[in-house]
Amino acid sequence: MARRPVAWIAAVVLFGEALGIAALNWFLGVAVDRQNMSLAGLDPHLMSVSSKAGGIAFGLYFALCGLVALLVALRDRPAAGFGRVLLISAAVVHGLLGAFTWGLVGWPAFLSMMLVLGLIVLLLMTYDRPAEPADAAPQDGTGGDGTPVTSSPAPTTP
């Protein structure tokens, strides 16, 4: 099935995105620092350090999401607990980033965000297993306590 390749691709994309977002914010911090830019009287050094710290934080966040996707690919089991919550939050972040990039950057950036969102959602959905009802009879013909299941004749109507 396509579960493992989707998990591998999602992991690679998330690791690439982690590196890209960290590098972009680091570059923006260096540009602000070298040009001595100020916004409404804020300290340029503080803005530079904030941009670099934000880039590192988001880079680590996406790297952690990539690690969860990598573990899903290696184990061939769905993400559970904190890993699942992390992937769901990454999907929400990509949805919001896609909405912002549509207005600020344009449709190519929007499509890339939606591609990553689709990968994450596909990763979450392909590993979902349908829940079996608790009262379903086992396939071997025995009841829940191990006694054989017998069917009663259907009632006849006069």
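User: Which residues is N25 in contact with, leaving aside its neighbours within four places in sequence?

Analyst: N25 is in contact with S51, K52, G54 and G55, once those neighbours are left aside. Keep in mind that this is a predicted model.

User: Thanks. Which helix does N25 lie in, and is N25 buried or exposed?

Analyst: N25 lies in helix α1. Its relative accessible area is 18%, so N25 is buried, given that buried means under 20%.

User: Let's zoom out for a second. How many helices and strands are there in the protein chain?

Analyst: The protein chain has four helices and zero strands. Read from the N terminus on, its elements run α-α-α-α.

User: And what share of the residues count as buried?

Analyst: That would be 28% of the 158 residues of the protein chain. On contacts, if you take those between residues at least 6 apart in sequence, 64% join residues at least 24 apart.

User: How accessible is L70?

Analyst: L70 has 22% relative accessibility, so it counts as partly exposed.

User: While we're on α2, how does its span compare with what 1.5 Å a residue should give?

Analyst: It agrees: the 32 residues of α2 should span 46 Å at 1.5 Å a residue, and the end C-alpha atoms are 46 Å apart.

User: What happens just after α2?

Analyst: Just after α2 comes D76, which takes a positive phi of about 55 degrees. D76 is a residue other than glycine, and its place is in the loop between α2 and α3. With 26% relative accessibility, D76 counts as partly exposed.

User: OK, over to α4. Which of its residues are buried?

Analyst: The buried residues of α4 are M113, V116, L117, L119, I120, L123 and L124. Looking down the axis of α4, these buried residues fall within an arc of 150 degrees, so they line one face of the helix.

User: Why do residues three or four places apart point the same way?

Analyst: An α-helix has 3.6 residues a turn, so residues three or four places apart point the same way.

User: What does the face of α4 turned away from its buried side carry?

Analyst: That face carries the exposed residues W107, P108, L115 and M125. As for the buried residues of α4, they pack against α1 (3-35), α2 (44-75) and α3 (82-104).

User: Does the length check work for α4 too, or rather, what should α4 span?

Analyst: The 20 residues of helix α4 (residues 107-126) should span 28 Å at 1.5 Å a residue. Its end C-alpha atoms are 27 Å apart, which agrees.

User: Now the packing. How do the axes of α3 and α4 cross?

Analyst: The axes of α3 and α4 come within 8 Å and cross at roughly 160 degrees. The two helices are therefore roughly antiparallel to each other, the cut-off being over 145 degrees. α3 passes α4 in a left-handed crossing.

User: Which residues of α3 meet α4?

Analyst: Among them are L87, I88, A91, H94, L97 and T101 in α3, and on the α4 side the residues include F110, M113, L117, I120 and L124.

User: Tell me about T101. What does T101 touch?

Analyst: Not counting residues up to four places away in sequence, T101 touches G106, A109, F110 and M113. T101 lies in helix α3 and counts as buried, at 14% relative accessibility.

User: Last one: how do the axes of α1 and α4 cross?

Analyst: The axes of α1 and α4 come within 9 Å and cross at roughly 140 degrees. That makes α1 oblique to α4. α1 passes α4 in a left-handed crossing. Residues of α1 that meet α4 include V6, I9, A10, V13 and E17, and their partners in α4 include M113, V116, L119, L122 and T126.

Notes:
Residues are numbered from 1 along each chain as its sequence is written. This is a predicted model: local features need pLDDT of at least 70, side-chain atom pairs count only at pLDDT 80 or more; totals for chains, interfaces and linings use all residues. Side-chain values use heavy atoms; hydrogens and water are left out. The expected span of a helix is 1.5 Å times one less than its number of residues. Buried means under 20% relative accessible area, exposed over 50%, partly exposed in between (1.4 Å probe, protein chains only). The arc is that of the directions from the helix axis to the C-beta atoms. Contact means heavy atoms within 4.5 Å. Axes are lines fitted to C-alpha atoms, for helices over the stretch in contact, and angles run from 0 to 180 degrees between N-to-C directions. Angles under 35 degrees count as roughly parallel, over 145 as roughly antiparallel, 65 to 115 as roughly perpendicular and the rest as oblique. A crossing is left-handed if the near helix is turned anticlockwise from the far one by less than a right angle, and right-handed if clockwise.
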